[in-house]
Amino acid sequence: MREIEFTILENKPITDDICKMVLECSAGEHGITAPGQFINIKIDGLFLRRPISICDWTETTVTVIYKVVGKGTELLKTYEPGRQLNALSALGNGFAPARAGKRPLLIGGGVGVPPLYGLCRNLIEAGARPTVILGFNTEREVFYKEEFEKLGAEVLVATADGSMGQKGFVTDALRNIKEPATFFYTCGPEPMLKALDKALAEGLEGEMSFEERMGCGFGACMGCSCETRYGAKRICKDGPVLERSEILW
Amino acid sequence: MVETKTNMLQTELCGITLDNPVMAASGTFGYGREFAELYDINCLGSFSFKGTTLEPRFGNPTPRIAECEAGLINSIGLQNPGVEKVIEEELPHLATIFDKKVMANIGGFSVEEYAQVAQRLDLCDQIGWIEVNISCPNVRHGGIAFGTDPDAAASVIRAVKDAVRKPVIAKLSPNVTDITKMAIACENAGADGISLVNTLLGMRIDLKTKKPVIANKMGGFSGSAIFPAALRMVYQVYDAVKIPVVGIGGIATAEQVIEMMLAGACAVQIGAANLVDPYVCRNVIRDLPEVMRKYGIAELKDIIGGAHNG
């Protein structure tokens with residue numbers, strides 16, 4: 001973890017309520033070591049920081065994608081390029097790309113999609129051929145489908161109302177996968193993660209990224225603890241990514 | 001390390017010299033690990049480690065955190081690995097990152113349990129003080145139950161005092177009508193110091209779900225919003241007892257440290273601010289000499305209780 005004064009390069013909506021923000025720092029300053037980590041953003045006038053997962057990064061930039069859901073993200077949305085943004089960077093454990101095998105399966109639901117993008121880029125650069133399932137409520141809410149395709153991933157979309165791709169949930173889209181997966185990674189709302197745990201082949205190993213209301217975001221306050229097979233873990237520090245096999249549903 | 005002339009910041013708590021009055025408050029600093037990754041925590045006067053109980057505790061269901069104007073509500077419920085694991089794992093690790101005496105914060109669900117935990121920790125050289133949490137608002141049949149009744153508080157303090165040699169500090173709850181009665185009861189029971197305040201009982205309701213944000217419905221409110229209330233109580237308690245007072249509640253700046261000391265605190269603890277600015281303790285210590293110069297203060301220990309007349 002480190003504290004950084006980022007400069008906002010870009011901050012704009014990409015759907016009705018999803019925004020993309022690109023932040024600049026000096027080379028390597030962000031300290032990100034794995035996809036699936038997050039930054040914790042200070043917003044003027046609010047006491048707690050706002051944890052937002054990292055979508056992708058370069059040496060000097062960090063891209064985050066956030067959903068406008070409340071006071072904090074409504075304020076964040078108004079921040080103009082050029083403005084400084086204080087954040088604690090490189091928080092959480094992140095995904096382990098090395099475990100992917102040749103045909104990893106990536107499953108994202110709604111605002112759980114962004115951290116899978118940086119993961120997907122890493123996997124493709126390492127020579128894997130990922131299949132990506134993206135789940136949304138409706139076509140209007142779909143984002144980043146083309147970006148994943150541009151990376152070279154095979155992308156399947158599921159929408160609850162059937163307006164794009166498979167009608168139904170990401171679990172319904174699982175049927176359309178051609179080759180069996182070697183490993184899976186997922187991020188999304190907890191009911192989706194739970195449904196996936198039931199739907200995916202029992203022997204398939206994978207990692208699931210969780211969300212919880214956090215205090216500090218770096219393991220000090222114990223605000224976001226959960227019980228696992230290996231004892232209590234903090235979503236912010238020991239997570240947000242947990243092993244499928246350790247999760248107690 | 002933060003470079004300061006230690007003599008100008010030096011203070012004392014129950015016979016133990018502190019290089020400076022700034023401590024991190026229990027429950028916001030764990031056992032030091034997370035912060036030691038960020039900076040050398042030896043710059044602190046000391047810190048009070050995570051409230052420790054006899055048995056390991058997972059704590060309360062989540063959500064445990066709710067944001068407020070200028071603060072937050074927490075309902076952790078004394079999550080901790082239990083006293084044995086603290087002694088076997090946390091203290092040896094702490095010895096590698098912190099050379100000074102640490103304050104052991106203890107919780108319990110019966111008078112006997114408090115005494116047992118205290119007795120175990122009293123044998124550890126690294127520990128300077130035993131801070132008895134009789135003010136946790138987030139557990140039933142313990143904590144605050146002892147912190148709102150002077151007789152119950154006294155019985156806990158007496159039992160802990162009988163079990164240990166180290167100085168015992170009673171950490172008081174602000175959720176009482178007259179905090180001086182609690183402080184006097186603890187002093188009469190043998191407490192060597194008083195620390196105050198723990199969190200104020202608070203609540204938030206989510207307008208979308210129309211239900212409490214916190215799973216446990218209520219929790220402890222802390223953060224900059226509570227500073228004036230905490231300062232007032234420190235001022236009152238300083239007048240009411242002869243034992244030293246540690247000021248806690250909403251502190252995040254060097255100016256507020258000085259204000260707390262003028263009210264009567266010989267040392268302070270910084271809590272909620274650590275969670276949003278992990279460097280706050282280090283920065284406050286760094287800022288103190290400059291702020292002292294600005295207000296014509298040569299040595300911090302001379303200003304303790306300075307706001308009281310006579």
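## Basis of the model

Because the model is predicted, local features need pLDDT of at least 70 and side-chain atom pairs count only at pLDDT 80 or more, while totals for chains, interfaces and linings use all residues. Residues are numbered from 1 along each chain as its sequence is written, and chains are lettered from A and ligands numbered from 1 in the order in which they are written.

## Chain A overall

Chain A has five helices and 15 strands; helices (H or I, at least four residues) and strands (E, at least two) are DSSP runs numbered from the N terminus. Its C-alpha atoms fill a box of roughly 45 × 40 × 35 Å along the principal axes.

Of the 249 residues in chain A, 47% are buried. A residue is buried if 20 or more other C-beta atoms lie within 10 Å of its own, exposed if 12 or fewer, and partly exposed in between, with C-beta atoms placed from the backbone. Among contacts between residues at least 6 apart in sequence, 61% join residues at least 24 apart; a contact requires C-beta atoms, placed from the backbone, within 7 Å.

## Domains of chain A

Chain A is assigned domain 1 (2-91) and domain 2 (97-209), with bounds from an automatic or database domain assignment. The centres of the two domains, taken over C-alpha atoms, are 23 Å apart. Each domain gives 13 residues to the contact between them. On the side of domain 1, β4 (50-57) and β5 (61-67) of chain A each give two or more residues, and β4(A) has the largest share, five residues. This side has seven nonpolar, three polar and three charged residues. Ala, Val, Leu, Ile, Met, Phe, Trp, Tyr, Cys and Pro count as nonpolar, Asp, Glu, Lys and Arg as charged, and the others, Gly among them, as polar.

A:Thr182 lies in the loop between α4 (170-173) and β11 (183-187) of chain A. With 17 C-beta neighbours inside 10 Å, A:Thr182 is partly exposed. Beyond its neighbours within four places in sequence, A:Thr182 contacts A:Ala100, A:Gly101, A:Lys102, A:Arg103 and A:Pro104.

## Contact between the chains

Chain A gives 21 residues to the contact and chain B gives 26. The chain A side divides into twelve nonpolar, four polar and five charged residues.

## Sheet, hairpin and helix in chain B

Eight strands of chain B form an open parallel sheet in the order β4-β3-β16-β15-β10-β9-β8-β7; strands pair if DSSP finds at least two bridges between them. β4 (46-47) and β7 (102-106) of chain B each have a single partner strand, so one side of each lacks a neighbour in the sheet. Within the sheet, β9 (168-172) of chain B pairs with β10(B) over four bridges, and B:Lys171 has B:Ser195 as its bridge partner.

Strands β5 (65-68) and β6 (71-74) of chain B run antiparallel and are joined by four bridges. They form a hairpin with two residues between them, and B:Ala70 in the turn has a positive phi of about 55°.

The buried residues of α8(B) include B:Phe227, B:Leu231 and B:Tyr238. Among the elements covering the buried residues are α7 (179-188) and β10 (193-196) of chain B.

How values were computed
Two residues are in contact if their C-beta atoms, placed from the backbone, lie within 7 Å.
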